[in-house]
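Thanks, everyone. Have the sequence and the structure open while I talk. I'll take the charged pairs, then the sheet, then the core.

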Amino acid sequence: MPVGNKNAIIASCGMHHIAVQTRDWEASMRLYRDVLGMEVVAEFGSAERKIVLLDIGDGSHMELFGPTAESPAVTHFALAVADARAATEHVRTAGYDITVEPKDLELGAMKVTIAFFIGPCGEVVEFFQTH
């Protein structure tokens, strides 16, 4: 996973993933997995709504969500961080609304801590820490 070393405020900040809401699951998998060569590294979600995490090739990821009519094509982007709880407190102190408090999850074989907040233009930003 790309981890940065140039950010003096959020330790190890780098891009983790961008989340894309599919309109056609098979067509999306065909493009991203088969044509572009992205590797499936985790599968989770439910029978009603599949979710996969694809390694783009440099350690950053694309998260594909099964189709729904309501969601925009890009749902959020995630920043890889060394400490999701500290990063969340930092943006909270700066005045941003936290929409999902830090929580520990298992995404397939991956153990992670995630948190979400709303950026200044309404964008949804996720902090993503792998353990």
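Start at arginine 33. Its relative accessible area is 35%, so arginine 33 counts as partly exposed. Its salt-bridge partner is aspartate 34, with the closest N and O atoms 2.7 Å apart. Aspartate 34 is partly exposed as well, at 48%. Keep in mind that this is a predicted model.

How many salt bridges are there by this rule? The count comes to 5. Three residues are worth a look together: Glu89, Arg92 and Glu101 are linked in a network. Take glutamate 89 and arginine 92. Both sit in helix α2, 3 residues apart, which is about one turn of the helix. Arginine 92 is partly exposed, at 31%. Glutamate 101 is partly exposed too, at 40%. As a general point, side chains of opposite charge can pair when their charged atoms come close.

Look at the β6 end. β6 and β7 run antiparallel and are joined by 7 bridges. Valine 100 stands opposite phenylalanine 116 in β7. The two strands make a hairpin with 2 residues between them. In that turn, glycine 108 has a positive phi of about 65°. On to β7, residues 110-118, and β8, residues 124-130. They pair antiparallel, over 7 bridges. Here threonine 113 faces glutamine 129 in β8.

Next, the inside. The largest nonpolar core has 13 residues. Which of them touch the most other members? Phe44, Leu107, Met110, Val112 and Phe128 do. β2, β3 and β7 each give two or more residues to this core. The largest share, 4 residues, comes from β7. Apart from this core lies another, of 11 residues, among them Ile10, Cys13, Val91 and Val125. In general, nonpolar side chains of soluble globular proteins tend to be buried together.

Back to valine 112. Beyond its neighbours within four places in sequence, valine 112 contacts residues including Lys103, Leu105, Phe128 and His131.

Most residues other than glycine have a negative phi. Serine 12 has a positive phi of about 60°, although it is not a glycine. Serine 12 lies in the segment before β1. At 28% relative accessibility, serine 12 counts as partly exposed.

Last, confidence. The mean pLDDT of the chain is 88, and 96% of its residues reach 70 or more. Confidence is lowest in strand β5, at a mean of 85, and highest in β6, at 96.

Conventions: Residues are numbered from 1 along each chain as its sequence is written. This is a predicted model: local features need pLDDT of at least 70, side-chain atom pairs count only at pLDDT 80 or more; totals for chains, interfaces and linings use all residues. Side-chain values use heavy atoms; hydrogens and water are left out. Two strands pair if DSSP finds at least two bridges between them. A nonpolar core is a set of buried Ala, Val, Leu, Ile, Met, Phe, Trp, Tyr and Cys residues joined through side-chain atoms within 4.5 Å. Buried means under 20% relative accessible area, exposed over 50%, partly exposed in between (1.4 Å probe, protein chains only). Contact means heavy atoms within 4.5 Å. pLDDT is the predictor's confidence in each residue, from 0 to 100. A salt bridge is a side-chain nitrogen of Lys or Arg within 4 Å of a carboxyl oxygen of Asp or Glu.
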